[in-house]
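Here is a friendly note to read alongside the model. Please keep the view open and follow the points one by one.

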Amino acid sequence: MAIDRAQVRHVARLARLRLSAAEEELYAAQLGAVLGYLERLAAVDVSSVEPLSFAGDEGSSLREDVARSGLSREQALAAAPQHDAQAFVVPRIIE
Amino acid sequence: MVSGLGEVAAGLSKGALQPSELLEACLTRIAALDDKLHAFLRLTERTARAAAKAADLRRAARQPLSAIDGVPIALKDNFCMEGVETTCGSRILQGYVPPYDATAVARLEAAGAVIVGKLNMDEFAMGSSTENSAFGPTRNPWDLSRTPGGSSGGSAAAVAAGLVPGALGTDTGGSIRQPASLCGCVGLKPTYGRVSRYGVIAFASSLDQVGPLAPDVQGVALLLQSIAGQDERDQTSSARPVPSYGELLEKSVRGLTIGVPKELFAEGLDGQVERAVRAAMARLEEDGCTLKPISLPNAPHAIAAYYLVATAEASSNLARYDGVRFGHRAQADSLLEMYQATRAEGFGAEVKRRIMLGTYALSAGYYDAYYLRAQKVRTLIRRDFEQAFAAGVDAVVSPTCPTTAFRLGEKSGEPLAMYLSDVYTVPANLAGLPGISVPCGFDQGGLPIGVQLVGRPFDEGTLLRLARAAERGREQRTPEGF
């Protein structure tokens, strides 16, 4: 299945990935080959089959809704590339 | 030389070994030998020595916290450990120091295990050779020109080379079992939900599972015992009680039925691998098991379904690497450019490829044809196993991998060829079932071969029993130079 560079650019934009021209070329070819292989699923009869999204155990269990302490603000901010005393800092998004 | 984890635990129990001595022996071997392998990304010597000293006192007082109190264990680098850099094999997380422990790590520590360091892996566990690590590949102790498999390649190489008696890995499509097979050690992927995933860096959340690697089946059982069980921090962890694996291990395998699926002994299987696996099956038959031909008609679709489900989940899980809260950030003037440049600089080629594939599979117009269809095929694959178990099969046997270890670089330019090396391991992940790989022989080049057993949900006990029987008759060798 052929994937062209315009499609690669569109998907890369959805995925917030900047690709070089060489990467676009490479991924167009490689994704095309992998999608070609994945096409085989089209031949499987799945009419009347429910999707399995999760192979887990019997129903989910939820714990009591009680407040408890988590990470402190200092701990939560410690690994951020840029932060001030109370928040993550990002490039300005509102002029 | 560190022997099996079971023997190490017995030595500690008798007082013949001391935790600190054992740790120093491991650190000495790592210092002498790991330059050849590059299994470790970093050591935690200071905290390990303190933990070993504390274990010395408990052992001397005959008050161990558990059977593995004082046993040195290493972790794949996708387990968060408070205060210890955790990279997941990725440049985007280089320098990241988590503020908390993964539950599996906390449980090992609560059992007295001594955490020695963090092990190399394919970036974000995406790969089957450990060549996708941003920090360079790991090599196979049996042949340094070959890969250890992956993605838990550092874990398998470190255990197989006797650098540590046990390690934790994670398995999303075979990432514990495949490297265990290629390196000649035992690797167990428990049932989905048996071990908490809290604090384990996510790849594909409906498939990821934590599990142990050790030289011996008993070692794997001891590690599983200490990490299994419900965790309120992982909503998908199961409330089912954890049995005593050590007791189940010693039970006879007589009367068990082993399903032999024709689809997993088909094209692409190396002749020498098949002979070794069939010899292991014959030994189980001699021990009183019945071999029963079965069919898993949808197993041949597993790789295709897996690469859609896994990449779709990965593309959404990896959206969190945006340069805001942790990890690498690229300098840029706008937020969008910052995201795009951060991710372009931080992720390696295979991770980008899988994010692209997953994003494509989830994008408007393709969702039904790819992702939804893959989830339906997943139902069919699980149904195949359920039918086999309903017909009296206790475990399904197959090779773990179609070949022995491949050379570095042999498949790195061909994503599809690399994906196909997971053909026998992926069905268990899609169906959520436990699977174990046990060494069962060597090819003519002296490379190890593994046999895989896949069991009923939460029936790790039967798998460990069978694995224990299968390892008894095998030829034991040590990799030269280790």
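Contact here means heavy atoms within 4.5 Å. Please also bear in mind that this is a predicted model.

1. Let us begin with B:Ser155, which has its place in helix H5 of chain B. Is B:Ser155 buried or exposed? Its relative accessibility is 0%, so B:Ser155 counts as buried. Setting aside neighbours within four places in sequence, B:Ser155 is in contact with B:Lys76, B:Leu119, B:Asn120, B:Ala167, B:Leu168, B:Gly169 and B:Leu213.

2. Eight of its eight residues are buried, so H5(B) is largely enclosed by the rest of the structure. The buried residues of H5(B) include B:Gly153, B:Gly154, B:Ala156, B:Ala157, B:Ala158, B:Val159 and B:Ala160. Just after H5(B), look for B:Gly162, which takes a positive phi of about 70°.

3. Next come the aromatic rings. Over all chains, the structure holds 14 aromatic pairs. Take B:Phe124 and B:Phe347: their ring centres are 5.9 Å apart and their planes stand at 70°, so this pair is edge-to-face, the class for planes over 60 degrees apart. The pair links distant parts of the chain, 223 residues apart. B:Phe124 sits in the loop between strand E3 (114-119) and helix H5 (153-160) of chain B, while B:Phe347 sits in the loop between helix H11 (335-346) and helix H12 (349-362) of chain B.

4. How buried are these two rings? With a relative accessible area of 1%, B:Phe124 is buried, and B:Phe347 also counts as buried, at 2% relative accessibility. Both belong to one aromatic cluster, formed by B:Tyr96, B:Phe124, B:Tyr321, B:Phe326 and B:Phe347.

5. A second pair to find is B:Tyr366 with B:Tyr370. The ring centres of B:Tyr366 and B:Tyr370 are 6.2 Å apart and the planes are at 35°, so the pair is tilted. B:Tyr366 counts as partly exposed because its relative accessibility is 26%, whereas B:Tyr370, at 6%, counts as buried.

6. Stay with B:Tyr370 for a moment. You will find B:Tyr370 in helix H13 (residues 368-390) of chain B. Which residues does B:Tyr370 contact, leaving aside neighbours within four places in sequence? They are A:Met1, A:Leu35 and A:Glu39 in chain A, and B:Leu308, B:Tyr360 and B:Ala361 in chain B. As for B:Ala330, it is 40 residues from B:Tyr370 in sequence and 33 Å away in space, C-alpha to C-alpha.

7. Two arginines lie over ring faces. B:Arg278 lies over the face of B:Phe265, at 4.5 Å from the ring centre. B:Arg477 lies over the face of B:Phe442, at 4.1 Å from the ring centre.

8. Finally, please look at a pair of helices in chain B. The axes of helix H4 (residues 103-110) and helix H7 (residues 217-227) come within 8 Å and cross at roughly 110°. Angles of 65 to 115 degrees count as roughly perpendicular, which makes H4(B) roughly perpendicular to H7(B). On the H4(B) side, B:Ala104, B:Arg107 and B:Leu108 meet B:Leu223, B:Ser226 and B:Ile227 in H7(B). By class, this contact has four nonpolar residues, one polar and one charged.

Methods: Residues are numbered from 1 along each chain as its sequence is written. Chains are lettered from A and ligands numbered from 1 in the order in which they are written. This is a predicted model: local features need pLDDT of at least 70, side-chain atom pairs count only at pLDDT 80 or more; totals for chains, interfaces and linings use all residues. Side-chain values use heavy atoms; hydrogens and water are left out. Rings of Phe, Tyr and Trp (its six-membered ring) pair if their centres lie within 6.5 Å; planes under 30 degrees apart count as stacked, over 60 as edge-to-face and the rest as tilted. Helices (H or I, at least four residues) and strands (E, at least two) are DSSP runs, numbered from the N terminus. Buried means under 20% relative accessible area, exposed over 50%, partly exposed in between (1.4 Å probe, protein chains only). A charge sits over a ring if NZ of Lys or CZ of Arg is within 6 Å of the ring centre and within 35 degrees of the ring normal. Axes are lines fitted to C-alpha atoms, for helices over the stretch in contact, and angles run from 0 to 180 degrees between N-to-C directions. Angles under 35 degrees count as roughly parallel, over 145 as roughly antiparallel, 65 to 115 as roughly perpendicular and the rest as oblique. Ala, Val, Leu, Ile, Met, Phe, Trp, Tyr, Cys and Pro count as nonpolar, Asp, Glu, Lys and Arg as charged, and the others, Gly among them, as polar.
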